[in-house]
Amino acid sequence: MTAIRFTTEKEYKGYIKVNSCGKQWLGDRDYNTVREAGRIDFSINYIKKGVGYCEHNGKNKIIPEGSLVFYHPEVRHHYYFKKEDSTQMCWSHFSGSACSLLSDFDDNMPVIIAIRDRKQFESAFEKMIYAYYNKQLNGEELCDGYMLVLLSLIKESAKTPLKALNNNINTALEKVLSDMHVYFNEPIDIKKYAQICHLSEDSFIRMFKKNMGYPPYRYQLRIRIERAVEMLENSGLNVAECGEAVGFSDNAYFCRIFKKFTGYPPSSYKK
């Protein structure tokens with residue numbers, strides 16, 4: 001008797017159907033995923049925190065925080081994550097005629113898209129995942145409806161994508177983002193980053209804010225506070241030790257910035 005292999009890969013002839021979805025923290029080890037033939041459905045991997053990487057035709061690309069990589073059916077998948085980045089990823093596999101919303105994207109390669117309204121996008125993604133795993137309570141229609149919202153937000157975000165920059169600036173900005181996530185606990189070096197992008201410091205700051213939604217100083221603070229949250233949740237370090245580990249030498253300042261970003265003091269968050 002031939003065993004039947006379970007798979008979430010499905011083609012759907014209707015309007016929209018979520019075949020599988022979820023979220024994952026990728027900070028315990030390095031991860032590497034390769035699907036030589038891709039999948040028969042559509043796929044997105046969204047980087048909620050940290051950074052991801054994908055490879056196509058021997059070229060590696062960074063998937064910055066707040067961005068996603070999108071795959072058409074039967075496009076080879078190769079994406080990977082590094083332990084030190086402590087990446088949080090949300091993912092979905094889906095199919096249906098509504099996927100034509102993304103028909104403008106290149107269907108022969110992975111497409112990286114920076115999401116314009118991260119708060120709205122992440123809220124819809126979380127609700128979709130919850131609905132998917134609570135179908136008896138919510139019904140499949142709610143889950144599929146949130147996927148349709150995500151497709152619309154992706155299409156809207158792609159109107160002004162990161163790749164619209166000229167190639168030199170795009171490559172340089174990817175390098176800057178990678179360095180910021182690696183060296184987040186060190187003083188930010190605007191002069192160095194501006195030189196990488198071949199811009200003056202003022203022009204670099206304007207360019208960075210235009211494309212990432214935050215000035216570089218605030219972007220680095222977000223990385224630091226997000227890493228601090230992870231440490232408070234997953235390590236035995238006390239508040240002062242967490243603050244020092246993410247680059248704050250002044251514990252009072254760390255507590256003030258932490259509360260500004262999260263709404264809670266770090267001591268309460270740890271509890």
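Contact means heavy atoms within 4.5 Å. I wrote that down before looking up Phe70.

**Entry 1: ground rules.** I am working with a predicted model, where local features need pLDDT of at least 70, side-chain atom pairs count only at pLDDT 80 or more, and totals for chains, interfaces and linings use all residues. Residues are numbered from 1 along each chain as its sequence is written, and side-chain values use heavy atoms, with hydrogens and water left out.

**Entry 2: Phe70.** I looked up what Phe70 touches, not counting residues up to four places away in sequence. The list is Phe42, Ser43, Ile44, Phe94, Leu102, Phe105, Met109, Pro110 and Val111.

**Entry 3: the cores.** I noted the terms before going on. Buried means under 20% relative accessible area, exposed over 50%, and partly exposed in between, with a 1.4 Å probe and protein chains only. A nonpolar core is a set of buried Ala, Val, Leu, Ile, Met, Phe, Trp, Tyr and Cys residues joined through side-chain atoms within 4.5 Å. Helices (H or I, at least four residues) and strands (E, at least two) are DSSP runs, numbered from the N terminus.

Which residues touch the most other members of the largest nonpolar core? They are Leu68, Phe70, Phe94, Phe121, Phe125, Met147 and Ile154, out of 31 residues in that core. Two or more residues come from each of E1, E3, E6, E8, E9, H1 and H3. H1 gives the most, with 7 residues. Another core, of 29 residues, lies apart from this one and has Ala172, Phe204, Ala228 and Cys242 among its members. In soluble globular proteins, nonpolar side chains tend to be buried together.

Entry 4: Two strands pair if DSSP finds at least two bridges between them. I traced an open sheet of 5 strands in the order E1-E8-E3-E6-E9, with antiparallel pairing. E1 and E9 stand at the edges with a single partner strand each, so one side of each has no neighbour in the sheet. The twist averages 20° from one strand to the next. For angles, axes are lines fitted to C-alpha atoms, for helices over the stretch in contact, and the values run from 0 to 180 degrees between N-to-C directions.

I then checked E6 and E9, which are joined by 4 bridges in the antiparallel sense. Val69 has Ile112 in E9 as its bridge partner. H1 packs on this sheet and touches E1, E3, E6 and E8, its direction making about 110° with that of E1. H3 also packs on the sheet, touching E1, E3, E6, E8 and E9, at about 70° to the direction of E1.

**Entry 5: helix H3.** The expected span of a helix is 1.5 Å times one less than its number of residues. H3 (residues 140-157) has 18 residues and should span 26 Å; its end C-alpha atoms are 26 Å apart, which agrees. Its buried residues are Cys143, Asp144, Met147, Leu150, Leu151, Leu153, Ile154 and Ser157. Their cover includes the strands E1 (17-26), E3 (42-49), E6 (67-71), E8 (87-95) and E9 (111-114), and helix H1 (118-132).

**Entry 6: the four-strand sheet.** I found an open sheet of 4 strands in the order E2-E7-E4-E5, and its pairing is antiparallel. E2 (31-35) and E5 are the edge strands, each with a single partner strand, so one side of each is left without a neighbour in the sheet. Neighbouring strands here are turned by 20° against each other on average, direction ignored.

Strand E4 (residues 52-56) is mostly covered, with 4 of its 5 residues buried. E4 pairs with E5 (residues 59-63) over 5 bridges, and Cys54 stands opposite Lys61 in E5. These two strands form a hairpin with 2 residues between them, where Asn57 in the turn has a positive phi of about 55°. On E7 (residues 77-81), E4 has 2 bridges, and Tyr53 is partnered by Tyr80. E2 and E7 pair over 5 bridges, with Tyr31 and Phe81 as bridge partners.

Entry 7: Most residues other than glycine have a negative phi, and most peptide bonds are trans. Where is Glu74 found? Glu74 is in the loop between E6 and E7, and its phi is near 65°. Glu74 is exposed, with a relative accessible area of 63%. His198 has a phi near 55° and is in the loop between H5 (190-196) and H6 (201-212). At 72% relative accessibility, His198 counts as exposed.
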